[in-house]
Every structure is written in C-alpha cells, then in structure tokens.
Amino acid sequence: MDVVNDTPDPAGVGGATHSRQDGGALTHLRQDGTAQMVDVSKKAVTTREATATATVHSTSEVLTLLGAGELPKGDALAVARVAGIMAAKKTPELIPLCHPLPISKVTVDFELGQDTVFVLATVKTKGVTGVEMEALTAASVAALSVYDMIKAVDKHAVISDIQVLAKSGGKSGDWVLPASSGVPGSDAPGSDVPGDGARA
C-alpha cells in the first residue's frame, strides 16, 4: 500500500529529484514528489510587482460594440475590470499552493485592437514572495469576463496568450518579457499600458 507522507523525505531516500529547466529545484515538490506550500518565512520583505496579459479575439463588429459600451449585457470593460481586481484578491483560494499576500495595488486595463482585446493586469505587494500568480489570475478572469459579456454576439471568441509580461522585486530581481516574443508592450516596463490602440 502506498503511504502519503506529510513529512519531508530524507535526502536521498524515497524519490526522484525534480528539477527546472534552469537547473534549480522545483520548490513546490518534496523529494518524494508530493506537493508542499513553500516555506518563505526566511525571505526578505521587499516591494514586489508583476504584470500579466491575456488576449480576447473576436470580430471587428463586436469590438465596435464593446468600445461603445453597447453590448447586450452593458459595459463589458467596467465589469471585467472589477472581475480582474476581485480575482487577484482571491488567488490563494483558487491556486492551492499560493501564499496569501497583503495586496497593495491592482490595476486592470484594456487595449482595443481591430479584432482583439488586450488585457493588462498589474499587482503590487510588500511581502516575502512575488505576485505573478495574482497578476495572471487577474488577467485571466478579466479576459473570461470579457468573453462572458460578448458570447451572446460572438460564440467563437477565443482567449489566448496568458502570460507574465514583467516582474520586479525579490531575490531574482527584475524581469521583462523580451520584445522578440511578439507580445504588445513586452519591451516596456510592467506598469505601462502597451501598444498604440485605444486604452480603456
């Protein structure tokens, strides 16, 4: 019978080593491969910020209605902005191994293209671990909310390209998605709204 172990596995006993592509250990996994919430009690408190993005693809006709606030459900962007902010605060309830953090700032912005809605979510905290997951959750839920608001007029809408655009703070320092990735605004600081489309 398999034993589910709630105590750390001694070095060299009971399981394979789990590694990241960069050679570091996967800190959410113990030696035996079971999950854990990482102990961050010894990490320094710093100001940390992360920006994440998501893209909703629709039609030019729907984007015109969206920008004018004339969708059947009303002002989709206002609803999606609040949904994203709420989602950032709920992240530890949705992602099992995330630490609850004292979030000090959440912004959700939108850039409307001809047939896309670019979502940009930025989350800030002063704590011992980063807020990438909070930013990703905010961007994802904001995009889902946009989808919910437009699905009555476009059942073929698609959400894509959910990813971290930039992060700062902590031991690993600042990081920005390279401009060569093709993501709008990936060469800009995380708090800047990317691109040259209409901002909402």
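The model is predicted, so local features are taken up at pLDDT of at least 70 and side-chain atom pairs at pLDDT 80 or more, while totals for chains, interfaces and linings use all residues. Residues are numbered from 1 along each chain as its sequence is written, and side-chain values use heavy atoms, with hydrogens and water left out.

**Exercise 1. The overall layout**

Work out how many helices and strands the chain has, and in which pattern they follow one another.

Solution. Start with the elements, which are DSSP runs numbered from the N terminus (helices: H or I, at least four residues; strands: E, at least two). The chain has three helices and six strands. Going along the sequence, they come in the pattern β-α-α-β-β-α-β-β-β. Next, turn to contacts, meaning heavy atoms within 4.5 Å. Among those between residues at least 6 apart in sequence, 66% join residues at least 24 apart. Then look at burial, where buried means under 20% relative accessible area, exposed over 50%, and partly exposed in between (1.4 Å probe, protein chains only). Of the 200 residues, 38% count as buried. Finally, the accessible surface (Shrake-Rupley method, 1.4 Å probe; for residues, only the protein chains shown count as cover) comes to about 11,100 Å², and 56% of this belongs to carbon and sulfur atoms.

**Exercise 2. Salt bridges around Asp148**

Find which residues are linked with Asp148 in a network of salt bridges.

Solution. Begin with the general idea: side chains of opposite charge can pair when their charged atoms come close. The criterion for a salt bridge is a side-chain nitrogen of Lys or Arg within 4 Å of a carboxyl oxygen of Asp or Glu. The structure holds four of them. One joins Lys73 to Asp148, at 3.2 Å from N to O. Lys73 is in the loop between helix H1 (60-68) and helix H2 (76-94), and Asp148 is in helix H3 (residues 132-150), so this pair ties together parts 75 residues apart in sequence. Another salt bridge pairs Asp148 with Lys151, their closest N and O atoms being 2.4 Å apart. Put together, Lys73, Asp148 and Lys151 form a linked network.

**Exercise 3. A bent helix**

Locate the kink in H2 and say which residues of this helix are buried.

Solution. A kink of about 45° sits at Ala88, shortly before the proline Pro92. Ala88 is also among the buried residues of H2, along with Ala76, Leu77, Ala80, Ala83, Gly84, Ala87 and Thr91. The buried residues of the helix pack against H1, strand S2 (103-112), strand S3 (116-127) and H3.

**Exercise 4. The surface at the end of H2**

Solution. Leu94 lies in H2 and is exposed at 51% relative accessibility. Patches take residues with over 30% relative accessible area and no salt bridge, joining like charges within 9 Å and nonpolar side chains (Val, Leu, Ile, Met, Phe, Trp, Tyr) within 5 Å. Here Leu94, Ile95 and Met133 make up a nonpolar patch with about 240 Å² of accessible area together. As for Lys90, its salt-bridge partner is Glu93, with the closest N and O atoms 3.7 Å apart. The two are three residues apart in H2, separated by about one helical turn. Lys90 is partly exposed at 42%, whereas Glu93 is exposed at 62%.

**Exercise 5. A backbone angle**

What is phi of Asp161, and where does this residue lie?

Solution. Recall that most residues other than glycine have a negative phi. Phi of Asp161 is near 55°, a positive value in a residue other than glycine. Asp161 is placed in strand S4 (residues 158-168), and is partly exposed at 45% relative accessible area.

Note on methods:
Bend = angle between axes of the 7 residues up to and from the residue.
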